[in-house]
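Thank you all for coming; I would like to take a few minutes to walk through one model with you. Please keep the sequence and the structure in view while I talk.

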Amino acid sequence: PILKASLPKIGIVSTLGYDFIHGSPAFQGLGIPELYHLTYAKQIEFLLDHLWKLTNTGHFIMMAIQEFIIETGTLHQPLSPPPKSHISQRLSTNNTWFGALHNY
């Protein structure tokens, strides 16, 4: 929506294709970043920066990850999942609420 309003003000047709708007200037694009991708990338960068620097926010994030690991009963880090062959066996045999629900 913001591009539909702002492109005509700088003299560019608002119906210009996605590839031309967000494409690299090296390939005749305008080089305007995709706002959703940029926002999510900045959020991930923010989280990883806090985890790396071990700030108070980073400690809270680590606590949330550790609580997630305890609650789901997984033995791996959530950001690096186990091989697919072990997922169904682990989910059905662990002693968590998910295992209890599966056995119910």
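This is a predicted model: local features need pLDDT of at least 70, side-chain atom pairs count only at pLDDT 80 or more; totals for chains, interfaces and linings use all residues.

Helices here are DSSP runs of H or I with at least four residues, numbered from the N terminus, and in those terms leucine 54 sits in the loop between H3 and H4.

Staying with leucine 54, its phi is near 55°, a positive value in a residue other than glycine, and the residue is exposed, with a relative accessible area of 52%. Most residues other than glycine have a negative phi. Glutamine 28, also not a glycine, has a positive phi of about 70°; it lies in the loop between helix H2 (18-22) and H3 and is exposed at 67% relative accessible area.

Now to helix H4, residues 56-72, which has 17 residues and reaches 24 Å from its first C-alpha to its last, close to the 24 Å expected at 1.5 Å a residue. Which residues of H4 are buried? They are Gly58, Ile61, Ile65, Ile69 and Thr72, and, seen down the axis of H4, they fall within an arc of 85°, so they line one face of the helix. That buried set packs against helix H3 (35-53), while on the other side of H4 we find Asn56, Phe60, Glu67 and Ile70 exposed. After H4 comes glycine 73, with a positive phi near 70°.

Finally, the surface: Ile2, Leu35 and Leu38 make a nonpolar patch of about 270 Å². Isoleucine 2 belongs to helix H1 (residues 2-9), and it counts as exposed because its relative accessibility is 54%, where the cut-off is over 50%.

Note on methods:
Residues are numbered from 1 along each chain as its sequence is written. Side-chain values use heavy atoms; hydrogens and water are left out. Patches are made of residues with over 30% relative accessible area and no salt bridge: like charges are joined within 9 Å, nonpolar side chains (Val, Leu, Ile, Met, Phe, Trp, Tyr) within 5 Å. Accessible areas come from the Shrake-Rupley method with a 1.4 Å probe; for residues, only the protein chains shown count as cover. A salt bridge is a side-chain nitrogen of Lys or Arg within 4 Å of a carboxyl oxygen of Asp or Glu. Helices (H or I, at least four residues) and strands (E, at least two) are DSSP runs, numbered from the N terminus. Buried means under 20% relative accessible area, exposed over 50%, partly exposed in between (1.4 Å probe, protein chains only). The expected span of a helix is 1.5 Å times one less than its number of residues. The arc is that of the directions from the helix axis to the C-beta atoms. Contact means heavy atoms within 4.5 Å.
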